[in-house]
Amino acid sequence: MRQMLLLTPLLLLAVGCGVVQSSEDEATDAAREAARKAGERLYSQRPRTAEEVGRSAAGLDGVDVLRVTGTSTHDGDGVDVVVRTSGSAYDGWLDPQEVAVRRCFAVRVSPASEWGEDPRDVDCPDGPPLDFAPPPEPPRLPYEQLRANLPRVPEGGLVDEAEVRRTLAALDLPPAIRTETKVDGGRVGVLLSVKGNGFDAQDCLLARVGPGATEVWVPPRIQRMPGEGGCTVENALDPAPPPH
């Protein structure tokens, strides 16, 4: 009986050591799961530069970005992002203590990567998390200026495309704003647009100058999606019906 009593603390110690190891493993698994979810948030078929991917990762809660390698998601093997995440678990039975860990993982962002792909365990690089400058703001399309300055042609008058072009030139628009005009049936259609990314709705303004009416408008978002044809000068001349 005495021998059994002597063995009991040793057994408890052994079990306790096992619990500590198990708790650390559980905490590491939680950190890995956080990195995997970060990879899901970064997953996309849209082409992005390494800086764009790193900036997106740095904006995720609980994620530190320590290294970004690669040029863009669609070049070579894509972009690898080394992230640091945290995880925790509880150790002990009667008086549980929290075990917290910080671990680093490599997340691959590429069209070839799979949704929910497991991140790779890596050593944490030295140094603080990377800082990313905010993305440049796209130029604002000059709705009010365009509406105020486009020529008004009376009923029965003739629309002068050259005058419309001179009006657009006088707006002194940023180079990122593309302008296009087209004549059809005595009317002039106008398109002002900013280059889109091929996935999200494009920013554009449409206008039509005709005898008795000058109109300026923004097409509905659904029409500004890629392939919908909303941001074309043809849509300015003959607008597609609004979506229902």
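The following questions and answers concern a predicted model.

Reader: Which residues of helix α4 are buried, and why do they line one face of the helix?

Author: Helix α4 spans residues 161-170. An α-helix has 3.6 residues a turn, so residues three or four places apart point the same way. Viewed down the axis of α4, the buried residues fall within an arc of 95°, so they line one face of the helix. Those buried residues are V164, T167 and L168.

Reader: Which exposed residues does the opposite face of α4 carry, the one turned away from its buried side?

Author: Exposed here stands for a relative accessible area over 50%. On the face of α4 turned away from the buried side, the exposed residues are R166, A169 and A170.

Reader: What covers the buried residues of α4?

Author: The cover includes a helix, α3 (143-149). Among the residues in contact with V164, leaving aside its neighbours within four places in sequence, are T181, V188, V190 and V209. The covering elements also include the strands β5 (177-184), β6 (187-194) and β7 (204-210).

Reader: Which element gives the most residues to the largest nonpolar core?

Author: The largest nonpolar core has 18 residues, and L146, L150, V164, V190 and L192 have the most contacts inside it. The elements that give two or more residues to this core are α4, β6 and β7. With 4 residues, the element that gives the most is β6.

Reader: Which side-chain oxygen lies within 3.0 Å of the backbone nitrogen of A162?

Author: This approach is found at the start of α4.

Reader: How many bridges join strand β2 to strand β3?

Author: Strand β2 covers residues 79-91 and strand β3 covers residues 97-109, and the two run antiparallel. Within this pairing, V83 has F105 of β3 as its bridge partner. β3 also pairs in the antiparallel sense with strand β4 (residues 120-122) over 3 bridges, where C104 stands opposite V122 of β4. Between β2 and β3, the number of bridges is 13.

Reader: With which side chain does the side chain of D80 make a polar contact?

Author: D80 is placed in strand β2. Leaving aside neighbours within four places in sequence, D80 is in contact with R67, V68, T69, V107, R108 and R120. The polar contact, at 2.6 Å, joins the side chain of D80 to that of R120.

Technical notes. Residues numbered from 1 in each chain as written. Predicted model: local features only at pLDDT ≥ 70, side-chain atom pairs only at ≥ 80, totals over all residues. Heavy atoms only, no water. Buried < 20%, exposed > 50% of the residue type's maximum accessible area, 1.4 Å probe, protein only. Arc of directions from axis to C-beta. Contact = heavy atoms within 4.5 Å. Polar contact = N/O pair within 3.5 Å; in protein donor to acceptor, adjacent residues only side chain to side chain. Pairing = 2+ DSSP bridges. Core = buried A, V, L, I, M, F, W, Y, C linked by side-chain atoms within 4.5 Å.
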